Amino acid sequence: MVRVIEDMFGIAVNPMTQKTDRVRRFTLVTERGMSVSILTMGAIIQSLKVPDFNGKLEDVCLGYDDVAGYYRNQQYFFGATIGRMANRTAHGRFKLCGKEVSVSRNLRDRHHQNGGFVGFDSVIWDVVGVHKDGVTLQHISPDGHEGYPGELTTNINFSLNETGCFGMRIEARTKATTAVNISNHSFFNLAGHGAGRDSLYQHMLMIKAQKIVDVDQELLPTGKLMRVRTTPYDFSSLVSLGKRLNQVSTCPLGGFDNHFCVDIPPNRVQLVARVVHPCSGRFMEVHTNQPGLQFSTANHLPSEDSSDIPISGKDGSNYVRQGAFTLQTQKYPDAMNHCDFPSVVLNPGQLYDHQVVYRFGSCPKRV
């Protein structure tokens with residue numbers, strides 16, 4: 001039976017009210033000891049502990065031990081819920097109902113990224129339900145916030161079960177036509193959150209996608225989709241991530257930060273990705289009803305090769321470049337400016353329904 005344990009993580013200023021508020025932490029724990037901790041600040045996944053093939057628990061999600069850590073490193077979005085619009089919106093503008101909408105330009109004063117200056121990652125979410133297997137958080141985004149039209153009410157139900165399935169169901173409704181593309185920005189390393197770059201190269205990865213979104217030098221979509229077959233971006237079968245990283249090491253990014261167009265029928269939750277760390281036996285599957293998956297290898301974190309100062313994370317761990325990965329379920333980036341991309345428009349009376357299940361487990365160690 002799953003237990004739900006609440007404690008106080010700290011105190012933070014809610015940017016929506018400018019008042020101090022408690023940051024509550026809800027930890028969901030299975031009988032085997034797997035656990036997930038969720039914060040009301042940013043609806044952040046703060047910890048995710050998973051057993052290896054010997055039953056040894058390891059926290060596989062990057063994060064911090066206190067509120068101050070999240071404030072200091074807010075630009076990395078570790079574990080945070082991203083909204084209203086995840087990813088990038090070119091030049092901070094798009095057309096909606098025949099009118100041009102201008103949203104905040106928080107990326108180099110040119111583009112909109114991850115919801116703006118005060119996105120879903122920054123606010124204190126309300127607790128609207130504590131259940132036998134999880135918790136439901138809510139945030140009401142006012143009409144006009146960061147430039148988005150329409151008051152948007154978003155509920156996220158976080159749940160965990162004894163089979164190792166950690167689920168998020170994100171639902172949103174609006175009072176006026178708007179754009180919505182919510183995601184979660186967790187960074188993972190199945191060897192452990194502080195295990196670093198060498199361990200990331202040990203991972204194996206599969207993504208069920210035949211195409212990726214083509215981007216320009218600013219990582220903005222060109223509107224084209226690029227086939228991945230016979231390229232380093234082909235993860236259609238389980239392959240060595242280290243091998244693929246070596247293949248793209250001379251590219252401008254020197255790693256991966258790509259949006260994969262996953263092969264799923266509309267509105268059905270299906271397997272889209274699988275990651276395995278053979279040394280520990282841990283694996284992670286991603287099941288979703290979303291058409292896109294943003295896969296990145298933390299290329300923007302401090303580089304060991306350049307003697308950069310690493311980020312200090314949980315338990316004094318050092319977080320470095322290519323020491324973790326993300327698999328963010330969402331719709332395509334900058335979709336409002338590309339009519340051929342899956343729509344991110346939400347009208348009054350419609351329900352935004354984003355489902356994702358991360359299934360964790362362990363397989364026997366190879367002899």
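This is a predicted model: local features need pLDDT of at least 70, side-chain atom pairs count only at pLDDT 80 or more; totals for chains, interfaces and linings use all residues.

Mentor: Residues are numbered from 1 along each chain as its sequence is written, and side-chain values use heavy atoms, with hydrogens and water left out.

Trainee: Over how many bridges do strand E1 and strand E2 pair?

Mentor: Strands (E, at least two residues) are DSSP runs numbered from the N terminus, and two of them pair if DSSP finds at least two bridges between them. E1 covers residues 3-14 and E2 covers residues 19-29. Their antiparallel pairing runs over eleven bridges.

Trainee: Which residue in E3 does Phe-26 stand opposite?

Mentor: E2 also pairs in the antiparallel sense with strand E3 (residues 35-39), over five bridges. In E3, the residue opposite Phe-26 is Ile-38.

Trainee: Which residue in the turn between E2 and E3 has a positive phi?

Mentor: E2 and E3 form a hairpin, with five residues between them. The turn residue with a positive phi, of about 100°, is Gly-33.

Trainee: Which strands stand at the edges of the open sheet of five strands?

Mentor: The order in this sheet is E19-E18-E21-E24-E27, with antiparallel pairing. Each edge strand has a single partner strand, so one side of it is left without a neighbour in the sheet. These edge strands are E19 (221-227) and E27 (326-330).

Notes:
Helices (H or I, at least four residues) and strands (E, at least two) are DSSP runs, numbered from the N terminus.
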